[in-house]
Every structure is written in C-alpha cells, then in structure tokens.
Amino acid sequence: MDFSQLLDPEKLIPRILDLIFIYGPKLIAAIFILFVGRWIARLVRLAVRRVLTRSKVDDLLVSFVCSLTYMALLAFVVIAALNQIGIQTTSFIAILGAAGLAVGLALQGSLSNFAAGVLMIIFRPFQTGDYIEGGGVAGQVQETQIFTTHLLTPDNKLVIVPNANLMSGNIVNYSANNTRRIDLTVGVSYTDDLAHVKQVLEQILAADSRILPEPKPLVAVSELADSSVNLVVRPWVATKDYWAVYYDLTETIKTRFDAAGISIPFPQQDVHLHNTAAS
C-alpha cells in the first residue's frame, strides 16, 4: 500500500468528510443520549428517594436502593449510546453477565448477608436498643448494617453477627412487648403447710409495687419432687423492671421463708456402709 496516496490531500480530505458525515450524527446522538440519560437517571434517583423517605423507610436502605437504581439506569444509558455509534453490545452484555455471575458466586456468603440485611431493614423484627437472642448470641442491638448486626452483651462485649445467621434461625425479641412474666420455682419441705406457704408468697408479691395487678400473679403447686414440693411463682412486670424484680423476689422469698420458719430443702443422699467378713 502506498502511504503517500493515503496522505494525499485530494484523497484524504474526502475520506475524512465521508467519515464525518457517516459517524458524526451517530456520535452526536450518542453524546446526546449520554447527557439526557444521565439527567433522567438523576431525576429517577431523586424521585425514588422522595418516595422511600415519605414511606419512612430506613435511611440505609434508601441510600442503597437509590444508588442501585442510578447505576442500573446509567449502565442502560451507556449501552444505548454505544449501540448508537454502531458498536455491537450483545457480546458486551454477555461479558458483563458472565462477570456478574462469577462475582456473585465468589461473594455468595456476602450476598446472603446483604439479602438478610435488606429483609431485616424492611420487616423490622427488632429495633436499635432491643434486647434480642439470635444467631447463637444474646445482647442489645446497637446497629443494623447491610451485612452485619452489632449486639452488646450484658458484660459489655460487642458481638458482630452476620445478618444471614440471624435470619436463618429464630429471633427472640425480649423488648418487643411492654410487659413480661417472671417464672420462679420455689421448693418447700413436705412437712410445711402449703396454705401458709402460698399466703406468704402472695404477701411478697402484693408488697412489691412493680408487680402488675393484671394479669393476676399466679402462685400454684407444680410438682411433687423427690425431696421437695415445688411451687411456681409467676408475676407480670414491666419489661424494664424484669431483672430487678427477679433478683429482689428471689432474695425476699429466702428471707421471708427463714423468718416464717418455712424450709427450702436441698437434695440429700444417704450412703450406707456394710462390713463384710473377710473370707
């Protein structure tokens, strides 16, 4: 090929003009699609943000959905612009799909945590400040993120639990309701007067102002055990008073039983030794 002919102005200028006339309008259209498409993507993102904010959706989920919507629309705009120029985007889309599949398989665990985080943000099985049990740990919810949930244990340890672990099992929310029932089991001797024992227990419950009158506290015989007669004590209290009342009741029952002469038996075992004559 003679390069001098290619650089000949009489032949080069017409070819350049042909290229401009052929690809110029397509290039202008592609640029127009990029600018207009980007503007529309921003408007859609703003509209989605307003709708989700009015619906009182969590801020973290709002930010994620808006970003995902904007990136998806922007990818569609870029593909449309490339197609306008004449670039075949079919293979490009296939490559993106294969890459997305590979990334999805590599991040399978993270994606499951992400999906669980989105579900928790939408359905709200618990809120910040609730005391919950799930994923093999119990603690107060400090923060719920897209991939993990932060729990603070009673001994002030921060536990970071993957969201998939929480959503894959049962979640016990101790703070969901305003009231809770305390379950205590008290054992007394078979020689004690049960009517007197129940009277003392009822007096203890009536003297504590933190115990709710409704539902009515329950004091009843539950079991005739090997070494004791077991009674259940089940008062209702406000959720915030649960542990304080639990500890106070346990101590008060012991001291009142001692004062009233009611014994709390403990398991005993008799060992009998037999002497055998040596052969």
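Lysine 240 is exposed, at 72% relative accessible area, whereas aspartate 241 is buried, at 18%. Aspartate 241 counts as buried because its value falls under the 20% cut-off. Please keep in mind that what you see here is a predicted model.

Now let's step back to the whole chain. The protein chain has 279 residues, and buried residues make up 25% of them. Eight helices and ten strands are found in the chain. What about contacts along the sequence? Taking the contacts with a separation of 6 or more, 63% are between residues 24 or more positions apart. As for the surface, the chain exposes about 19000 Å², and carbon and sulfur atoms supply 61% of that area.

Let's turn to the strands. In what order do the five strands of the open sheet run? The order is β4-β3-β2-β1-β5, and the pairing is antiparallel. At the edges stand β4, residues 158-162, and β5, residues 172-173; each has a single partner strand, so one side of each is left without a neighbour in the sheet. As a reminder, strands of a sheet pair through backbone hydrogen bonds, either parallel or antiparallel. If you'd like a place to look, find strand β3, residues 148-152, which pairs with β4 in the antiparallel sense over five bridges. Threonine 148 is opposite proline 162 of β4.

Another pairing to find is that of β7 and β9. Strand β7 covers residues 184-188, and four of its five residues are buried, so this strand is largely enclosed by the rest of the structure. Its antiparallel partner is β9, residues 229-234, and five bridges join the two. Within that pairing, valine 186 has leucine 231 in β9 as its bridge partner.

Next, something on the outside. Which residues form the nonpolar patch on the surface? They are Leu27, Ile31, Leu34, Phe35 and Val78, and together they have about 450 Å² of accessible area. Helix α2, residues 9-54, gives the most to this patch, with four residues. Leucine 34 is found in that helix, α2, and leucine 34 is partly exposed, with a relative accessible area of 37%.

Let me finish where I began, with salt bridges. How many does the structure hold? Seven. The general idea is that side chains of opposite charge can pair when their charged atoms come close. In one of these bridges, aspartate 258 meets lysine 254, at 2.5 Å from N to O. Both residues lie in helix α8, residues 242-260, and they are four residues apart, about one turn of the helix. Aspartate 258 is partly exposed at 46% relative accessible area, and lysine 254 is partly exposed too, at 41%.

Arginine 210 and aspartate 208 form another salt bridge, with their closest N and O atoms 3.1 Å apart. Is each partner here buried or partly exposed? Aspartate 208 is buried, with a relative accessible area of 14%, while arginine 210 is partly exposed at 28%. Finally, there is a network of salt bridges that links Arg181, Asp183 and Arg234.

Definitions and conventions:
Residues are numbered from 1 along each chain as its sequence is written. This is a predicted model: local features need pLDDT of at least 70, side-chain atom pairs count only at pLDDT 80 or more; totals for chains, interfaces and linings use all residues. Side-chain values use heavy atoms; hydrogens and water are left out. Two strands pair if DSSP finds at least two bridges between them. Patches are made of residues with over 30% relative accessible area and no salt bridge: like charges are joined within 9 Å, nonpolar side chains (Val, Leu, Ile, Met, Phe, Trp, Tyr) within 5 Å. Accessible areas come from the Shrake-Rupley method with a 1.4 Å probe; for residues, only the protein chains shown count as cover. A salt bridge is a side-chain nitrogen of Lys or Arg within 4 Å of a carboxyl oxygen of Asp or Glu. Buried means under 20% relative accessible area, exposed over 50%, partly exposed in between (1.4 Å probe, protein chains only). Contact means heavy atoms within 4.5 Å.
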